[in-house]
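This briefing concerns the predicted model shown below. The notes that follow are grouped by topic.

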Amino acid sequence: MIEAALPLLHQHGRAVTTRQIAEAAGVAEGTIFRVFNSKDELVDEAVIHAFRSATFVQQLDGVDVGLPLRDRLIAITELLQQRYISTFGLIRALGTMGPPAAVKADHDRHRDWRKHVDLAMVALVEPDADLIRIAPAKLVNTLRLLTLGGSNTQMSDGDLMSPEEIVDTVLYGLLVDPRKKRA
């Protein structure tokens, strides 16, 4: 029911009906109230589920550690960007200005989820730690911050950065390589 509710929450926000959720889940509407005390409880659980890291970490596990570093970082950034865009869409659909109250109330678990994600991303960078001049954890944090800003339509004035642009900015910066001769 939670998985069935998420796309409906993106589409309808809190105005989604239990009937719509039941139809999407393939259950009778009354079944919802055998599992949840109210529609609001189901919505809160679906929102908390959307912010959990387990699914995202499973996606990260699918990134081939044998790829060159830049390609691995692009794959990570694509996943991060999809997650951020989805999360921003859910937040807008719910009419909130940030993570919903149900997520904020679970601060300790959210911190643990973030640590779980960080460890998974760092593990994908560590094989090439000798190629970067900062710690893999710092690279991951920088990548996350630039992806966050580059994936938010309000922060980027609607001009989203591509995963390649984000990764190249993190890896190579924005200066022209002074070692290259100008024509």
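Just after helix H2, Gly26 takes a positive phi of about 75°.

**Overall architecture**

- From the N terminus on, the order of elements in the chain is α-α-α-α-α-α-α-α-α-α.
- The chain has 183 residues, and 37% of them count as buried.
- Of the contacts between residues at least 6 apart in sequence, 66% join residues at least 24 apart.

**Helix H2 (residues 18-25)**

- Thr18, Ile21 and Ala22 are the residues listed as buried in H2.
- Viewed down the axis of H2, these buried residues fall within an arc of 100°, so they line one face of the helix.
- An α-helix has 3.6 residues a turn, so residues three or four places apart point the same way.
- Arg19 and Glu23 are exposed, and they sit on the face of H2 turned away from its buried side.
- The packing partners of the buried residues in H2 are helix H1 (2-12), helix H3 (29-35) and helix H4 (39-51).

**Helix H10 (residues 163-172)**

- In H10 the buried residues are Pro163, Ile166 and Val167.
- Down the axis of H10, its buried residues fall within an arc of 95°, so they too line one face of their helix.
- These buried residues of H10 pack against helix H6 (69-94) and helix H9 (136-150).

**Contact between H1 and H6**

- Two packed helices are described by the angle between their axes and the distance between the axes.
- For H1 and H6, the axes come within 7 Å and cross at roughly 60°.
- The crossing of these two helices is left-handed.
- H1 contributes Leu6, Leu9 and His10 to the contact, where they meet Ser86, Gly89, Leu90, Ala93 and Leu94 of H6.
- By class, the contact of H1 with H6 comprises five nonpolar, three polar and no charged residues.

**Buried polar and charged loop residues**

- Asp128 has a relative accessible area of 16%, which is under the 20% cut-off, so Asp128 counts as buried.
- Leaving out residues up to four places away in sequence, Asp128 touches Leu69 and Arg72.
- The loop between H9 and H10 contains Asn152.
- Asn152 has a relative accessibility of 12% and therefore counts as buried.
- Which residues does Asn152 contact, its neighbours within four places in sequence left aside? They are Phe88 and Leu160.
- Asn152 and Ile85 are separated by 67 residues in sequence, yet their C-alpha atoms are 6.9 Å apart in space.

How values were computed
Residues are numbered from 1 along each chain as its sequence is written. This is a predicted model: local features need pLDDT of at least 70, side-chain atom pairs count only at pLDDT 80 or more; totals for chains, interfaces and linings use all residues. Side-chain values use heavy atoms; hydrogens and water are left out. Helices (H or I, at least four residues) and strands (E, at least two) are DSSP runs, numbered from the N terminus. Buried means under 20% relative accessible area, exposed over 50%, partly exposed in between (1.4 Å probe, protein chains only). Contact means heavy atoms within 4.5 Å. The arc is that of the directions from the helix axis to the C-beta atoms. Axes are lines fitted to C-alpha atoms, for helices over the stretch in contact, and angles run from 0 to 180 degrees between N-to-C directions. A crossing is left-handed if the near helix is turned anticlockwise from the far one by less than a right angle, and right-handed if clockwise. Ala, Val, Leu, Ile, Met, Phe, Trp, Tyr, Cys and Pro count as nonpolar, Asp, Glu, Lys and Arg as charged, and the others, Gly among them, as polar.
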